[in-house]
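Welcome! Here is a short tour for someone meeting this protein for the first time. Please have a look at the sequence and the fold before reading on.

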Amino acid sequence: MRSMSFKNFNLGFFMGCLILSLFSCESDAPLTLIESGESTYTIVIAGDSEVLIHEIAEELSMYMEQIGGVKIKVTSDSITTPSIRVGMAYKEGFNLLDASSIAYWVEGKDVFISGGSDIAVRNAVYTFIEQELGCKFLSPDAEYIPLHHGGVFVQGDLSYQYTPPIKTRTVHSVLYYDRPVFAHKRKVTVEAFPRYVSGARVHTFHRFVPAERYYKDHPRYFALRDGKRRATQLCLTNEDVYLIVKDKVAALLLEHPDKRVISVSQNDNTLYCQCEKCEAIHSRTGSPAGSMIYFVNRIAKAFPQIQISTLAYQYTRKAPRDLKPEPNVLITLCTIECDRSRPIEVGCKEFVKDLEDWSALTSNIRIWDYTTQFTNFLAPFPNLRTLAPNIRLFESNNAQWVFEQHSRHPSELFELRSYLIARLLWDPTLEYEGIQQEFLDGYYQEAGRYIKQYITEVHDAMEADTSFFLFLYGDPSQGFNTFLDATRLMTYDQWYDEAEMAVSGKPSIVARVRAARLSVDYAILEYGRRTMGARESGIQGIPLIERLKRFNNTTSVQGITMMNEMGLTVQEYVAYYRQLLDKVQEPNIALGKKVTLLTRPRKYADENPMVLTDGGRGGLNFYANWLGFEGNDMEAIIDLGMMQEIVHCETAFLQVTNHLVFYPRSVKYYGSKD
């Protein structure tokens, strides 16, 4: 009989992962590492190993003790045998000269765990612990550790070698940034920009040549647009600009001698320079990226020992013709425009062409990909099926470095997404469904099947609408007629009720299920804005105010504080929503009354003027029940149908400055008898 141990949770779904194989050939017989509470083995560290190797050897000993019940000694005595040898070692036929390669194998009675660098050795040890000892590292507070106090064995012919095709793997998640040990287990970086000079990681033009210092006296340093110099981007053919940036780069490298990457990259806008010299390069190379690579190449030549990172982003995404980046230039290619409802290869063919063109120019490609909805972290965002094909696309086109910009803060199914992405970055050949099932069974246990039902249905329903564009800056309201319609929201809500019931005797797992259902609660709260006629309105018979209380309680328990990347807090969201619920109780004589517009709306709400009096409340995003005007004032007539006393006039407006949505400068109300 085999027992199991769990770190902070109880798991009964995983079958045993240690295999005892019987071979007729003596040399292939399993090695007995631990048996009946005893072990003849010692963990041996290579004599000249760094501190990191000593730490990971102790980690291996700790896990083997938990699994087999025996503490295995760690030593640097290379003569000791039989042993588990941890550190850089050679094996014929294995690619251990690559700094990222890992390997482990059996020779005689000894087990070797090796890699092309100290970090690779650490990756090899954690791979051995997972694949050969059967442990699972699902989240910082959810590890599965099988108990084999009767014996721990490995195959006598054990031989494994792997070189990850993506060398630097980053998942923008606090699960990794705040928990470095867990990041090491999942083989991802513990920061967003490893090896980068701090203060020069992305969008650096305005840091190198600040407008407040240079624009007044040197406007020609900046972009020429429509005959006027503007402090939007730099003029990249101006010699003084080159000298200033070069000097700034040199100064930063002196301040940070341990860093190996510095960003020389455009500001976050599309107003690039169109002066005669810059445009000549753009014309010759077929892309505004031409002047960028021309400029960055000059900087790169001045610092050949440093990697110069630049962006292929928005207006520079298209690769220039016949202009190769220098060998030490790192191209950071961004997928920001792509539809997230389909794999990029299917739904964003223009990006695929750009990726292939850059891949033909350089092998130094860093992908900046996006995996969440930045305007609504907690909203349903059905993009899980796109993760694997997208990462495979990047890997097959020279992407040595992939930065998956998750929400950093908790978002929908946060632990699952963080786990999925890390596993796929390490091995892009893995299938999404298998990884997801492994996680659902382990993390949510008996509730996992209900959460899988939700994941399957929300993806199927969205994909059925072939015209739907899943936008990084979108809103749940865009799905209220398809994958988030009222009927489906009721179904999702019911499944989560059943999920909670399935694990009702396990408080820690119930807490995880409630964190997962936040996305459905949030979608229902946002749907409720449309029909917020009374405090009792809601879905499944739960009044909106009660659902809001549950939402607030769950986020508080989980330590979730942020709603979006613009800085809206959960506390602010809840307070504003409560105000709306109070507001709808007030009399509104304009409700449902005819609206005639004297000026035409340009955006949103299908340009339907009746959204002004339909009783629906605007959401956090411009898509959510708002009417948009651009370049003209709104002039509207609301016909109340009869003479009435008006004691208060009020109109709601939205401002989202980073998307150029602003409040009106003034508002005037007029009354008329006719």
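## About the model

Please keep in mind that this is a predicted model, in which local features need pLDDT of at least 70 and side-chain atom pairs count only at pLDDT 80 or more, while totals for chains, interfaces and linings use all residues. Residues are numbered from 1 along each chain as its sequence is written, and side-chain values use heavy atoms, with hydrogens and water left out.

## Cysteines

What is a disulfide? It is a covalent bond between the sulfur atoms of two cysteines. Here a pair of cysteine sulfur atoms within 2.5 Å counts as one, and the structure holds one disulfide. Cys-338 and Cys-348 form it, with their sulfur atoms 2.3 Å apart. The torsion about their S-S bond is about -70 degrees, so the disulfide is left-handed. Cys-338 is in the loop between β17 (329–334) and α10 (344–347), and Cys-348 is in the loop between α10 and α11 (349–361). Helices (H or I, at least four residues) and strands (E, at least two) are DSSP runs, numbered from the N terminus.

Are Cys-338 and Cys-348 buried or exposed? Both are buried, where buried means under 20% relative accessible area, exposed over 50%, and partly exposed in between (1.4 Å probe, protein chains only). Cys-278 is in no disulfide, and the nearest cysteine sulfur, that of Cys-275, is 3.7 Å away. Cys-278 is buried too, because its relative accessible area is 1%. Cys-135 also counts as buried, at 0% relative accessibility.

## Aromatic rings

Rings of Phe, Tyr and Trp (its six-membered ring) pair if their centres lie within 6.5 Å; planes under 30 degrees apart count as stacked, over 60 as edge-to-face and the rest as tilted. By this rule there are 36 aromatic pairs. One of them, Phe-439 with Tyr-443, is stacked, at 4.8 Å centre to centre and 25 degrees between the planes. These two residues are separated by about one helical turn, because they are four residues apart in helix α14 (residues 432–444). Both Phe-439 and Tyr-443 are buried.

Elsewhere, ring pairs link Phe-193, Tyr-196, Trp-368, Trp-401 and Phe-403 into a cluster.

## Two packed helices

Two packed helices are described by the angle between their axes and the distance between the axes. For α14 and helix α15 (residues 448–464), the angle is about 140 degrees and the axes are 8 Å apart. Axes are lines fitted to C-alpha atoms, for helices over the stretch in contact, and angles run from 0 to 180 degrees between N-to-C directions. The two helices are therefore oblique to each other; angles under 35 degrees count as roughly parallel, over 145 as roughly antiparallel, 65 to 115 as roughly perpendicular and the rest as oblique.

Contact means heavy atoms within 4.5 Å. Residues of α14 that meet α15 include Tyr-432, Gln-436 and Leu-440, and the α15 side includes Ile-451 and Ile-455.
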